[in-house]
Amino acid sequence: MTPASINRREFLTYSGATVAGVTLGEVGRRWLARADERAGAWHAPAVETFATSVCRECPAACGLRVRLMDRVPVKLEGNPLCPVSRGRLCAKGQAAIEAYFDPDRLVGPARRVGPRKDGRFEPIAWPDAIQVLATQIDKTRGARRGVVAFAAEEHGPFAEAWGQFWTGLGGRAAWTLAADSSRLAPRLGVLAGAGGEPIFDVEHATYVLSFGAPVVEDWLSPVWTQRSYGRFRRGASRSRGRLVHVEGRRSLTARKSDEWLPVPGDRQASLAYGIASVLLREDRIDRSRLADIGGNLADFERDVVGRYTPDNVAATTGVPVVTLLRLARELAATSQPLVVVAADAPPDLIDAVMALNAIIGAFDRPGGVFQSVTARTSGYARVSAASELARLASGGDAPGVVALRDASALRAASAPGDVASVFDKCDFVVSFSPYLDEAASVADLLLPMHTSLESWHALMPPTMDTTQEVACARPAAAARLDTRGLVELLGAAAAKLGGDVAAGYPWKTDADVVNAELDRLWSLRRGTSYTNVFQTEWVQQLERGGWWVPPAPTREDFGSAVLDAGGWVDPFFLSGGMRQRLGIRGGGLKFVPPAAPVDAGAAGTPPHDFPIRLAVFTPAVVNLMGSPNQPGLFELLGQPESSSWRVWAELSPETARKASVEHGSTVRITSAAGSIDAQAIVVDRMPLDTIAVAYVPAIARSGRWAHLLTADVRRLWGRGDPAAPVNVRLAPV
Ligand code: SF4
């Protein structure tokens, strides 16, 4: 029976039986069963299956459990076995399915027709597209011009495969650096010795002092942090942890904290040193422990106590002296204090936070800071995409070929405004992004890769606790469009190029890369496939005793177990590693001499024409990696401060009054380079003469929803140095 062949009588029988089934009990249910039997051929039930995958909407690599109906993905949830997400997802993870179904996805390979500014493309067959890529690379190598490849930073086999292809051609790989603990590792290394990444044990802290770290939004590994934060605040077996948050705007973390100190980012290092100064001056530190470790504490103390007096710090930061003294005393009085910092904070603030953790005795203790055994970066040096783009924008040697694995480099908040013109002097730009995004808008050749649900995965999530993980998964869904896997594409291009390039690139398919990683993990003879908390702790106990029980009898079974579970985890960790490393290095802790300014006029006098300082923040729901075209996230944009689908600017009541701007109205923000309009949100206690503007990467021609958001704050930088402060003026619209 088809829908067309069901007649009125049968329809009435069916709907009547349905009503009866609900209202008449057993008799009705029998009618309903008969009607169901007759209608069964019309609507055969869809087959429900589940698959594991990995969320790639941010670098955290949370495990996904994908629900499929008739092999079509219909819902994403967290993978309960994944140690990162333990069954949870953030809003971006939930919205990732919109990337798979994005109606503006590229349907297949295409090449540009006419000048770049026209934005016209024509379809091209895959073999021809790969030939065009190989020819352009060959030309560039012949002319001895460079090759630069941009990608969002990740760690693991696919990142290696991407980097190896381009560096094998003599080119450079530049990375949009992830805002995770790898950003903090070098500064911790300076203080405490070379080694791994910092691990902040928020869960077991009794008191967290946060310098701009968005702990309830998207700090380091958002879902992991939120789980940890929940336990810190819940205080199951102890009192509820206290959170003090320092940030120049009233973010969600500021709202949720016990105390918010509205201090702009460029003055937070002074506040951190001010607190250290009080602790040292009042001798509220464990000097014998610090003496045990050794180092240059005496020099550091002389500097800090001499310069960062409570009066100086109060004048610089606006934090009253009594508050400063109280904060230092609270830190000293609690049993397990911890100081945390935003991953993209400036180096002087990271140094100040690490120094504070050292003097409050937070290293290597529960509720403090640990250091991972290894850093995740290996092989080639990690060139920052932002600095590479800034070099190109300032007229540096333009490469012959530019490859964009995704749009992240063009979307990073610190990139200069007019990104399209950065590539004017490059002969050829190729995009591997599946989306109609910023990469497509500058590329000459579009080679759309599979989206994450269609892809193989093997990568190392950010280090958040003392375990090590590799997220591994097969494709969860069939390719919806004419797209390819990353390694399959690069392997085909290497084969076309032949010679040393083909010989130096061992992989042909994405599955090859995952299988090689499974071989490596099997050969380590430790760890297990992702499993529940109890089993993971059991493996940890066994490994501490020197035992390894393979999770499967053979390499093949091991591979299947890891792919079915969504990854591999090794829970082995010996605490005390930092102390050991410090002992090995000798010389103890090396405190960096503090350089943060301590006077009220440190920020200088703002120019008369542009008296307001611009601060830019990225809302947690803004996606810097995947599809720009996710309406579910635009619905959340601005909540709870502003309206959905609008870019907004936060300012103090005094700043609003001076500019004659009202709460909720539109404000025009103008710098020397350009102007944008945004919704004005007046926030009590915002720092005076500062405006905080939401960064939402939106460009023309980037999909039917993304292009509706047009207030791109990068226009206010223009071609200026993205690291330099920008001042603006305000006017009502
Ligand atoms: S934290 Fe990142 S990886 Fe995890 S669900 Fe959210 S966007 Fe996905």
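This is a predicted model: local features need pLDDT of at least 70, side-chain atom pairs count only at pLDDT 80 or more; totals for chains, interfaces and linings use all residues.
Residues are numbered from 1 along each chain as its sequence is written.

The protein holds 27 helices and 27 strands. Both are DSSP runs numbered from the N terminus: helices are H or I with at least four residues, strands are E with at least two. Of the 733 residues, 51% count as buried. Buried is defined by 20 or more other C-beta atoms within 10 Å of a residue's own, exposed by 12 or fewer, and partly exposed by a count in between, with C-beta atoms placed from the backbone. Among contacts between residues at least 6 apart in sequence, 73% join residues at least 24 apart. A contact requires C-beta atoms, placed from the backbone, within 7 Å.

Take the open sheet next. Its eight strands follow the order β5-β4-β17-β16-β15-β6-β7-β14, with mixed pairing. Strands pair if DSSP finds at least two bridges between them. β5 (120-123) and β14 (383-384) stand at the edges with a single partner strand each, so one side of each has no neighbour in the sheet. Further in, β4 (residues 110-113) and β17 (residues 445-446) pair in the antiparallel sense over two bridges. There A110 stands opposite L446 in β17.

Helix α6 (residues 157-168) packs on this sheet and touches β6 (147-152), β7 (172-176) and β15 (401-404). The direction of α6 makes about 145° with that of β7. Axes are lines fitted to C-alpha atoms, for helices over the stretch in contact, and angles run from 0 to 180 degrees between N-to-C directions.

Two packed helices are described by the angle between their axes and the distance between the axes. The axes of α6 and α20 (residues 486-497) come within 10 Å and cross at roughly 25°. That makes α6 roughly parallel to α20. The cut-offs are under 35 degrees for roughly parallel, over 145 for roughly antiparallel, 65 to 115 for roughly perpendicular, and oblique for the rest. F158, A161, W162 and F165 in α6 meet L486, V487, L490 and A494 in α20. The residues of this contact divide into eight nonpolar, no polar and no charged. Nonpolar covers Ala, Val, Leu, Ile, Met, Phe, Trp, Tyr, Cys and Pro; charged covers Asp, Glu, Lys and Arg; the others, Gly among them, are polar.

Now look at β21 (residues 567-570). In a regular strand the side chains alternate between the two faces of the sheet. G567 and V569 point one way, W568 and D570 the other way, and all are buried. β21 pairs with β19 (residues 468-473) in the antiparallel sense over four bridges. Two bridges also join β21 to β20 (residues 528-529), again antiparallel. V569 is the bridge partner of E469 and of T528.

β22 (residues 612-617) and β26 (residues 690-694) run parallel, joined by five bridges.

Notes: Two residues are in contact if their C-beta atoms, placed from the backbone, lie within 7 Å.
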